[in-house]
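The exercises below are meant to be worked with the model open beside the page. Try each task before reading its solution, and follow the steps in order.

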Amino acid sequence: MSVRLRCMDTTTIRLLGPPTVVSDGRATVLRGRRHQAVLTVLALEVGRPVDAESLIGAVWGGNPPPSARKTLQGFVHRLRRRLPPGAIRTEGSSYRLDLPSTTVDAVAFGELVDAAKAVAPAAALERLEQALGLWRGVPFGELTSGRFTIERAYLDERRRLAEEDRCDALIAVGRVADAAIELERLTREEPLRERRWALLMTALYRVDRQVDALRAYQRTRDEMVRQVGLEPGAGLQALEEAILSGRPELVAS
């Protein structure tokens with residue numbers, strides 16, 4: 001299975017950064033947070049109807065003006081002018097973005113990450129690199145209402161996991177030194193994520209840097225004790241013991 005960011009009439013929607021419509025190779029960041037909010041909600045729900053009340057809530061929160069429904073219609077009209085004919089359909093009091101799901105980068109990202117879980121390491125690495133390559137900044141730009149904050153946190157966590165999965169795949173295909181370099185950066189950025197340290201320790205051990213692998217364990221232990229007052233988990237402790245013992249299962253076959 002291969003999932004790529006696809007186009008309909010060369011149009012794609014970017015949400016992994018400021019909300020942007022790309023048409024015929026030209027990227028246009030939408031102006032106005034309310035306009036951006038309508039596009040973002042429709043794109044996150046691509047292929048599914050979104051009722052007007054949900055869109056109004058995303059745009060104005062719990063205090064919409066009396067003219068909210070009419071203003072919403074104006075936002076939808078402006079979006080229709082930027083998208084292919086028929087891309088936004090009206091269904092009763094709801095609107096539906098009628099595009100292939102993979103024309104929306106946030107959706108394509110999730111599909112690529114999911115696809116990577118079902119294939120061999122080399123194919124997984126390709127899909128994960130495609131997925132991570134879709135990111136262009138903070139998801140949804142400056143949109144900060146409740147729904148966007150929740151969705152942003154979800155996407156950010158999936159990105160972190162995908163970064164770790166990519167390093168795991170790099171190790172599995174023998175690009176261990178590349179993985180070690182990336183993991184040094186990732187552990188500096190978020191020193192409390194134990195999986196990153198476990199992957200780094202494994203990568204360092206496999207490139208004959210046993211001492212550095214043990215030092216990495218000590219670094220994570222120091223950070224965890226300092227920041228949260230806890231020792232590393234049982235998995236990391238077992239990995240340290242395995243490195244000390246030189247267990248053969250740590251060496252790539």
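This is a predicted model: local features need pLDDT of at least 70, side-chain atom pairs count only at pLDDT 80 or more; totals for chains, interfaces and linings use all residues.

**Exercise 1. Describe the protein chain as a whole.**

Step 1. Begin with the elements: the protein chain has ten helices and six strands.

Step 2. Taken along the principal axes, the C-alpha atoms of the protein chain fill a box of roughly 70 × 40 × 25 Å.

Step 3. Of the 253 residues in the protein chain, 45% are buried.

Step 4. Among the contacts in the protein chain with a separation of 6 or more, 59% are made by residues 24 or more positions apart.

**Exercise 2. Find the largest nonpolar core and the elements that build it.**

Step 1. The largest nonpolar core has 50 residues, and those with the most contacts inside it are I13, V38, L42, L97 and F109.

Step 2. The elements that give two or more residues to this core are the helices α1 (33-44), α2 (52-60), α3 (68-82), α4 (105-116), α5 (121-132) and α6 (146-172), together with β6 (94-97).

Step 3. Take L42 as an example: leaving aside residues up to four places away in sequence, L42 touches V50, L55, L79, I88, Y95 and L97.

Step 4. A second, separate core has 25 residues, including A169, A179, L239 and L250.

**Exercise 3. Which face of α3 is buried, and what covers it?**

Step 1. Helix α3 has 15 residues and reaches 21 Å from its first C-alpha to its last, close to the 21 Å expected at 1.5 Å a residue.

Step 2. The buried residues in α3 include A68, L72, F75, V76 and L79. Seen down the axis of α3, the buried residues fall within an arc of 100 degrees, so they line one face of the helix.

Step 3. On the other side of α3, K70 and R81 are exposed.

Step 4. The cover over the buried residues of α3 includes α1, α2, β5 (88-91) and β6.

**Exercise 4. Carry out the corresponding analysis for α9.**

Step 1. Helix α9 (residues 210-228) has 19 residues, which at 1.5 Å a residue should span 27 Å, and its end C-alpha atoms are 27 Å apart, which agrees.

Step 2. In α9, the residues A213, A216, Y217, T220 and M224 are buried. Because the buried residues of α9 fall within an arc of 100 degrees when seen down its axis, they line one face of the helix, and they pack against α8 (194-206) and α10 (234-245).

Step 3. V211, R215 and R226 are exposed on the other side of α9. For R215, the relative accessible area is 53%, and its C-alpha atom is separated by 31 Å from that of A120, which is 95 residues away along the chain.

Step 4. Just after α9 comes G229, with a positive phi of about 70 degrees.

**Exercise 5. Work out how the strands pair.**

Step 1. Three strands form an open sheet in the order β1-β2-β3, with antiparallel pairing. The edge strands, each pairing on one side only, are β1 (11-14) and β3 (26-29), and the twist averages 20 degrees from one strand to the next.

Step 2. Within this sheet, β1 and β2 (residues 20-23) pair in the antiparallel sense over four bridges, and T11 stands opposite S23 in β2.

Step 3. Turn next to β5 and β6, which run antiparallel and are joined by four bridges; here R89 stands opposite R96 in β6.

Step 4. β5 and β6 form a hairpin with two residues between them, and G92 in the turn has a positive phi of about 65 degrees.

Conventions:
Residues are numbered from 1 along each chain as its sequence is written. Side-chain values use heavy atoms; hydrogens and water are left out. A nonpolar core is a set of buried Ala, Val, Leu, Ile, Met, Phe, Trp, Tyr and Cys residues joined through side-chain atoms within 4.5 Å. Buried means under 20% relative accessible area, exposed over 50%, partly exposed in between (1.4 Å probe, protein chains only). Contact means heavy atoms within 4.5 Å. The expected span of a helix is 1.5 Å times one less than its number of residues. The arc is that of the directions from the helix axis to the C-beta atoms. Two strands pair if DSSP finds at least two bridges between them. Axes are lines fitted to C-alpha atoms, for helices over the stretch in contact, and angles run from 0 to 180 degrees between N-to-C directions.
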